[in-house]
Amino acid sequence: MDLRNSYQPEGRILVALSGGADSVALLCMLHEQGADLQALHCNFHLRGEESDRDEYFVTLLCQRLNITLHIKHFETRAYAAQQHVSLEMAARELRYAWFEEMRQQLGADDIAVAHHREDQAETLLLNLIRGTGLRGLAGMQERNGHIVRPLLHTSKADILQYLDSRGQDYVTDSTNLERNALRNRIRLDVVPLLQQLNPQAVQHIAEAAQHVAEALPYFQRGVDISTALSRTTLHERLHGLGFTPSQEQQMWQSQRSGATFESPTHRATFQAGHLVVEAKTTGEPLPCLTTHRFKVPDPLAWVTRESMPHDTCVVDARLVSHELTIRHPRPGDRFRPFGMKGRTRLLADFLAERGLSVFERQRQWLVCQGDNIVWVVGHRIDDHYRISSATQEILQLSINNKKINERTYET
């Protein structure tokens, strides 16, 4: 994966730079994009010489990249005792308070932190263990105020591959290997077990958090729920219908193109902003067409007086001189809808204006004489075959879904 395509920075960006693989990759990625960067490094003095080693490493890295670096030293243990919080919570509070202070001081737009997909999965599991509501199930957000997470959907493996491809080194925090913190135990013990059960467990957990995050606006007051669920609605609507995550992604990205997608059992498309899904059929019965000729004293008055059912129409019998066939629409089909004078219309446009989905249009039955459409079943006859004052004999056409073996009917 090319991380340069993951985030498009605007304005001045402050990068939280610890010296670890994730933050180094984030800094290098934004630097390659030509972003207006400055880096922030926190020395919490919790790991002795290792903390000083990290500070020295990021100093050399920023010097090499010609990036301004700001360093802050904290008395973390004293703050934790004073506030009666854990060292982990103390470091978090100190870090983000300073980040915001520097953002305002330097006139920066965003503060970029290097949380990635594995971090997201760990956060969701951590919240589940501690107990949480929907917001906790949503995990971390790509943007939270001025905090942005450009790598949130990027895997750790991709980050390491990115650094390796550029020959870029980094430092490792030894405390990440200690099991005294709950998050570390999740990372070192729980996640590997889940990956044994399913190698894609981390990806699926992170995707679940994203679905919950997209559903959250539904529960906020004053939000238009017609647009609130977005991607989540698509995922839930397609659940259990055999579509792959890749197809869901392509469908979401191409929803305005009218492209269709098929699973083993269903097919789906977007039409006018709405998702249309239908089950595939193994074989569609060919409808049965019946015809009946009769004379009336005044055909035009009779047609005006009579009410035709949905599956029946009447035409001028003398204008139907050849056998009638039944078929589905073909590309480029045209006809002149009853009541319309002059030029013909594309059948596809006519059906779309009547609200038929692309799948319904494909299934539409036509009664034709040669290449000419006589009747768009259930909708309109062609104006050429209408009953007029010159009509002497009426031909009534009726159609039903009884399966037959032939497509051709004699009149």
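I began with aspartate 22, which is buried, with a relative accessible area of 15%. This is a predicted model, so I'm treating what I jot down as coming from a prediction.

Which residue forms a salt bridge with aspartate 22? I found lysine 156, with the closest N and O atoms 2.7 Å apart. Lysine 156 is partly exposed, at 27% relative accessible area. Aspartate 22 lies in helix α1 and lysine 156 in helix α7, so the pair ties together parts that are 134 residues apart in sequence.

Next I searched the whole structure and got 20 salt bridges. One of them joins arginine 386 and aspartate 383, at 3.0 Å from N to O. Arginine 386 counts as partly exposed at 30%, while aspartate 383 counts as buried at 4%. I also noted a network: Arg47, Glu50, Arg53, Asp54 and Asp173 are joined by salt bridges that share partners. Inside it, arginine 53 and aspartate 54 come to 2.7 Å between their closest N and O atoms.

**Then the core**

The largest nonpolar core has 28 residues, and Leu17, Leu26, Leu27, Leu30 and Leu37 have the most contacts inside it. At least two residues each come from β1, α1, β2, α2 and α7. Which element gives the most? I wrote down α1, with eight residues.

I then checked leucine 26: leaving out residues up to four places away in sequence, it touches Val15, Ala112, Val113, Ala114, Pro150 and Leu151. Another core lies apart from this one, with 19 residues, including Trp375 and Ile399.

Methods
Residues numbered from 1 in each chain as written. Predicted model: local features only at pLDDT ≥ 70, side-chain atom pairs only at ≥ 80, totals over all residues. Heavy atoms only, no water. Core = buried A, V, L, I, M, F, W, Y, C linked by side-chain atoms within 4.5 Å. Buried < 20%, exposed > 50% of the residue type's maximum accessible area, 1.4 Å probe, protein only. Helix = DSSP H or I, 4+ residues; strand = E, 2+ residues; numbered from the N terminus. Contact = heavy atoms within 4.5 Å. Salt bridge = Lys/Arg side-chain N within 4 Å of Asp/Glu carboxyl O.
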